[in-house]
Amino acid sequence: DAFETTKILGSGNFGTVYQGTIKNIDLPQSKNHVAIKTIITNEDSSECQDFQNEIKIMGYVNPHLNLVNMIASCTSELKENGSLWLLVEFCQLGDLKKYLVKHSKELLSGKDSDPINSRCLLRWTYDIAKGMEFLTNANIMHGDLAARNVMLDVSPLLNGYPVAKVADFGLSKNFYDYATYEKEERLLVPWRWMALEYLTRGYFTLNSDVWSFGVLVWEIFSFGRAPYGQMGFEELMDKLENGYRLPCPTDLSCISTWSPSELYFCLSNACFKEEPEDRARFSDVVEILENELTPPE
């Protein structure tokens, strides 16, 4: 009775994501909008275990402005009918990738006085870095950091600027080992975003997310295009192992109020080191970005 679903936002083989509402405890007559993830499956299934792990991880993490935070969860129906519910913040503006594609002209043509302008690209990059710094400090690895897994919401400051929030950080990832992945499961792994150590040696560290962040920056600066274009897996692996890295997108070359190319060079140099221990930490990335922001930002 505490929450209700209103419409389906998406669905997969085992679960569905709804938009819904939850009763406001402080104001019983009002309701808050939430996203509701549910799964109906066997209690002993791997999908059920993954979902429970997601609830556990999200419940462990304290709320942060730049994360899609958990509101509540419901596990009481698990034994009865195999259903689990997870309620998270509803982000009105959808995912970052779709927003970049849809609003590219608006972002490029917006004046400094407009809430939507090219500075949003810089500020969203900073938002994501802050969210990831917070997760890393809690020893949580995301494992699938990409523009599709970042949500945009109305800023609590109500200044018209959309705030970026890292989503799906509680997911338990079932990545395939490299041999299986290379032979037959390639499409099931988001290899364009994966760190080199996973692609070549099959392991992750907390710093693997830093590499993925570098790819995400490229997505932001290219307005949501696919990293590496039409390049296939084998070709990309050969080039990455020989030192190739994503070059700065040319989509922002018309901007004169700040230098996207200089910032991209700095971030890519920090994020795309071959060895994880040589890469910047998210605290370093945050510092780089803070040097580019104005005091009000």
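Biologist: Which strands does α1 lie across, and at what angle does it run to β5?

Modeller: Helix α1 lies across β3, β4 and β5, and it runs at about 35° to β5, where an angle is taken from 0 to 180 degrees between the N-to-C directions of axes, which are lines fitted to C-alpha atoms, for helices over the stretch in contact. This is a predicted model, in which local features need pLDDT of at least 70 and side-chain atom pairs count only at pLDDT 80 or more, while totals for chains, interfaces and linings use all residues. Residues are numbered from 1 along each chain as its sequence is written, and side-chain values use heavy atoms, with hydrogens and water left out.

Biologist: What makes residues 46-60 a helix called α1, and how does its reach compare with the expected one?

Modeller: Helices are DSSP runs of H or I with at least four residues, strands are runs of E with at least two, and both are numbered from the N terminus. Helix α1 has 15 residues and reaches 21 Å from its first C-alpha to its last, close to the expected 21 Å, a span defined as 1.5 Å times one less than the number of residues.

Biologist: Which residues of α1 are buried, and why do they belong to the same side?

Modeller: Buried means under 20% relative accessible area, exposed means over 50%, and partly exposed lies in between (1.4 Å probe, protein chains only). In α1, the buried residues are Cys-48, Asp-50, Phe-51, Glu-54, Ile-55 and Met-58. They cover an arc of only 160° around the axis, so they sit on the same side of α1; the arc is that of the directions from the helix axis to the C-beta atoms. On the other side of α1, Lys-56 and Tyr-60 are exposed. The buried residues are covered by elements including β3, β4, α2 and β5, judged by contact, that is, heavy atoms within 4.5 Å.

Biologist: How do you know which strands stand at the edges of the sheet?

Modeller: Two strands pair if DSSP finds at least two bridges between them. The open sheet has five strands in the order β1-β2-β3-β5-β4, with antiparallel pairing. Strands β1 and β4 each have a single partner strand, so one side of each is left without a neighbour in the sheet and they stand at the edges. On average, neighbouring strands of this sheet are turned by 25° against each other, direction ignored. Strands β1 and β2 run antiparallel and are joined by seven bridges, and Lys-7 stands opposite Gln-19 in β2.

Biologist: Why is β7 said to be largely enclosed?

Modeller: Five of the five residues of β7 (residues 162-166) are buried, so the strand is largely enclosed by the rest of the structure. Pro-162, Ala-164 and Val-166 lie on one side, with Val-163 and Lys-165 on the other, and both faces are covered. Strand β7 pairs with β6 in the antiparallel sense over five bridges, and in β7 the bridge partner of Asp-153 is Val-163.

Biologist: Why does Glu-133 count as buried?

Modeller: Its relative accessibility is 17%, so Glu-133 counts as buried. Glu-133 has its place in helix α5 (residues 119-137), and it touches Phe-282, Ser-283 and Val-286, not counting residues up to four places away in sequence. In α5, 16 of the 19 residues are buried, so this helix is largely enclosed by the rest of the structure.
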